[in-house]
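Okay, thanks for coming, everyone. Have a look at the screen, and I'll talk you through it.

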Amino acid sequence: MQNSRFNWKSLVGLCLGYFAAYVVYGTFVRWLRITQEMPGMEVTFNTTVGGTLICMVVVLVFWWPGRLVLREPRVWGGRIPGEYAWLVPSGICTGFVIVTTTLMYTYGFSVMVAMVLMRSALIVSSRAVDAILIRQGHVTKPVYWQENAAVVAAVAAMSVVIFVADKDDFKFFESSAAMITMLFYIIPYSLRIYILNRFKTQADHKAIFGIEQIAASSTIFLVMGAVVIAYLAGWNPTPVAEFAAGVFSPTPVAILIGMVFGIGAFFSVFLFLFKDGSATFNVTLNRLTSLTAGTVATLCFWLLFDGQPVKSYQWAALGVVLLAIGLLAWAGKRRKREAA
């Protein structure tokens, strides 16, 4: 049963926790890449291990999957609980999202526009998810016009980046590998958004996170193992060689920075699962929090490590983001008023 009131305290706490973790992570990843000149794939390996490690320790020590109360009909001849038939694929999708995000940085061109399009696509897909869930009867609350307007504003904020991009930033359109990578990011992520919002009012959120994290970590380490085996077999392009260097010579500081990202994952997933918001509301707020934190991380790196300052288009995008957040706050107040 859905909550009878809009839990502002929980929502603000999730956003602030995600924001803080992402600012710290974003600042010190730049420090690794720029100040310490650590290769991108080596950074990726170490931070991924750190993030996965902190999540798995919490999930396994407290055994969050054990909190799941089974209600869905069993599938495959009664051998598998219905919840696992959905949540394990959701975790596999999460693994694909992490892997494809990493791959997008290995093709040798700027991925600024690609990342903007990927974020925008998720915000739009969240609106489609709401339409599907309402049609299927899993969700009864409507999507307010303020939330639809916030989607438009969020996409507009990210489009600001596209307008100032150089022509080299669009070169990924010429790469079939990059386009396939983008599809394997957007499609699994959209499916994951559907699954999380389908179960967010039916299952314990820690149980959902635990099952999904175990499946995601298994997927990630299988892919990592395959890359290392391919490297040992003689496949050694630069990104693979950088990744292997991280595997054979892990860096504790980079792993620690990855742990901060892992802490942020808790807030991010629970924000996706926020019961009082629609998929449109939750995903848009999640992506806007990420975008705002990225801008602040750029500012922090500039102040602390003499990096490049925040550019004018980033401030412009942030202004539109604040407008979108204001629309979401308006929608939240409307939900609270109607629930009362």
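**Overall picture**

So, size first: a compact globule of 340 residues would have a radius of gyration near 20 Å, and this chain has 20 Å, which agrees. That radius is taken over C-alpha atoms, and the globule rule is 2.2 Å times the number of residues to the power 0.38.

Before I go on: this is a predicted model, where local features need pLDDT of at least 70 and side-chain atom pairs count only at pLDDT 80 or more, while totals for chains, interfaces and linings use all residues. Residues are numbered from 1 along each chain as its sequence is written, and side-chain values use heavy atoms, with hydrogens and water left out.

The C-alpha atoms fill a box of roughly 55 × 50 × 35 Å along the principal axes. What's the chain built from? There are 11 helices and 0 strands, as DSSP runs numbered from the N terminus (H or I, at least four residues, for helices; E, at least two, for strands).

Of the 340 residues, 50% count as buried, and buried means under 20% relative accessible area, with exposed over 50% and partly exposed in between, using a 1.4 Å probe and protein chains only. If you take contacts (heavy atoms within 4.5 Å) between residues at least 6 apart in sequence, 82% of them join residues at least 24 apart.

Now, two helix pairs. Helix α2, residues 40-61, packs on helix α8, residues 238-248, at about 40°, with the axes 7 Å apart. The axes are lines fitted to C-alpha atoms, for helices over the stretch in contact, and angles run from 0 to 180 degrees between N-to-C directions. So α2 and α8 are oblique to each other; under 35 degrees would be roughly parallel, over 145 roughly antiparallel, 65 to 115 roughly perpendicular, and the rest is oblique. On the α2 side, the contact includes Met41 and Phe45, and on the α8 side Pro239 and Phe243.

The other pair is α9, residues 252-272, with α10: their axes come within 8 Å and cross at roughly 150°. That makes α9 roughly antiparallel to α10. Ser268, Leu271 and Phe272 in α9 meet Asn282, Val283, Leu285 and Asn286 in α10.

Last stop, Thr298, in helix α10, which covers residues 279-305. Is Thr298 buried or exposed? At 10% relative accessibility, Thr298 counts as buried. Leaving aside neighbours within four places in sequence, Thr298 touches Arg30, Gln308, Pro309, Val310 and Gln314.
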